[in-house]
Structure formats: structure tokens, C-alpha cells
Amino acid sequence: MRNMKEILVKIRFLIPSLPRAEKAIAEALAEHPEAVTYMTLAEISKESGSSEASVIRFCKRMGFGGYSALQQAIAEAVEGENETNAEELQVFGGDSMYEIIQKVYQSNVQTLTDTMVLVSEQCERALKALLSARSIHFFGAGDAYAVCQLAYMKFKRLGIPCSAEGDIMLQMITASNMSQGDVAIAISYDGRSKNVVEALRIAKQMGATTISITKKNKTPLLRYTDIKLFIAVNDLSFDREKVTRRVADQFIMDALYMGYVMHSGRNYKEQLKKTQIAIDGNKI
């Protein structure tokens, strides 16, 4: 049984890419999902201003056989609802450090739980692309670059040719030198970071396989993306800063790294031991 949070995550994720009629249905459900439990197909169609056929198409897009299946899933989700209220995760000036830690923890857990709703077969495609890659290059800006750096360090320790340039010009140079057999991974929260979009565009133009990790399913970045990996973000924020948004990016990259190590057919123990000896030799 799906819970209400999972259903709402999927609905809100689909909204930007839906046709107009289905978008109206999705927006109505996102606003008042419990209404489905007592409304007939004809009533929900009239309420959303869409045809019954559009409602059914939307239900199938959500992974249900029809309207009755969606209605039943939401009814069960409402009955078993125990969702954390977003207001409960807001951090206030009077919170103790322990309360802040609890809220950050809960936000991180919710972010990962919501991201799991969006996991698809695209992850398998991404792993296959990495396993066959001649080289791997990571592109990100701002705090997304920190995720790129960590991923770069992990793959570099395996001896994989890779890069994660922080300078915009170097990112463009790297992208322009890529070709078929190389993989470009772009990380962008909203898929609109100008230099990241441009770097991925160049990499794709050069023949590289392109992978994106982003929150939205309709962005400029996706125009140049072969393999799309999506994340969800639980909005624990301070002013406009979404504090926990990079947790999901790191989660996806760590999973791809572990997948690479487990499925590459190589034993990386000696390689990792060698790099660790080199690192330990630099310690006091």
C-alpha cells in the first residue's frame, strides 16, 4: 500500500510535464487528495474541468489501472495517514540544539523516502553507461559542485579517468574534449544553472552520454540529457536556502558508485588499498 506522501510526491513531480487537461486533474488532487475518496469519476471530471478520458489517462500515468484503483489507494492512504506535518520540521529561534538535530534528521529521512518514489529503471541505464564509460566527468555549480567533488574523489580512487572542474571555463573545455564513450553527469537542483546546462549541451554535442540528477522533470537541462535521474526535496529551509537539498543528490551518487564497484567485474580492493597507503603517508 502506498502512503499519502508517496502519492503526492508522484503527483507534484508529474505536474510540470502533463498535458493541460491532466495537469488540471493533478493540481486538483495535489490540493485536496482526500476528495477522491468520495467523488465519482464524473464528479472529479466536472470538478477539474477535464474529460473522464483525461482522468483515466492520468490514473494510468500514475501507475493505476483506472480511477477506482487510484480512489482505493488514496482511501487506504488517508486511513493509514501518519504524515509528518511540514510545520513540524520548521526550525525556530527558540529550538534547542537537540530539537534542531531532530528536525534536520527528519527532513533528511523524508527527502530520501520521497526520492525513492521517483527511482526508476533509469538508474539501471545510468549504471550501465558508467560501467562502459571510458571516462566520467561531473558538472555542477554552487553547493552542487560539492557533490560532484565527492563523487570525483570516489571514482578517482578506483583509478577511473574522471574530472570535476570548479572553474566555468574549465568545465566548457572538459565538455568540448569529450566524445563517444565518455559520460557527463550534471547535478542541478532546478535544472536551470546556465553553465551546467551549457556544459551538458556541449558534451552531448560531442557524442558523450549525458546523465542528469535534478528535481524537476521539465527543465532546460533535460533537453540535453540522455538518462534522467530525479530527486525529491523535503523543504526544510532557512529564508530561501533549502538546507537538506543535497542529501538526495549524494544518495544517488553513492548508489551509482556502489553499483559500479559491485558490477564492474573488477576487484578494487588492491586499488583502494594502494590509494589509502598513499593518503596515509601524508598524515602526521
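**Exercise 1. Determine in which hand helix 6 passes helix 11, and describe their packing.**

Helix 6 passes helix 11 in a right-handed crossing, the near helix being turned clockwise from the far one by less than a right angle. The model is predicted, with local features needing pLDDT of at least 70 and side-chain atom pairs counting only at pLDDT 80 or more, while totals for chains, interfaces and linings use all residues. Residues are numbered from 1 along each chain as its sequence is written, and side-chain values use heavy atoms, without hydrogens and water.

Next, take the geometry: helix 6 (residues 97-117) and helix 11 (residues 246-263) pack at an angle of about 55°, their axes lying 9 Å apart. Helix 6 is therefore oblique to helix 11 (angles under 35 degrees count as roughly parallel, over 145 as roughly antiparallel, 65 to 115 as roughly perpendicular and the rest as oblique). Axes are lines fitted to C-alpha atoms, for helices over the stretch in contact, and angles run from 0 to 180 degrees between N-to-C directions. Helices are DSSP runs of H or I with at least four residues, and strands are runs of E with at least two, numbered from the N terminus.

Finally, list the contacts (heavy atoms within 4.5 Å): Asn108, Thr111, Leu112, Thr115 and Met116 in helix 6 meet Val247, Ala248, Phe251 and Ile252 in helix 11. These contact residues divide into 6 nonpolar, 3 polar and no charged, where Ala, Val, Leu, Ile, Met, Phe, Trp, Tyr, Cys and Pro count as nonpolar, Asp, Glu, Lys and Arg as charged, and the others, Gly among them, as polar.
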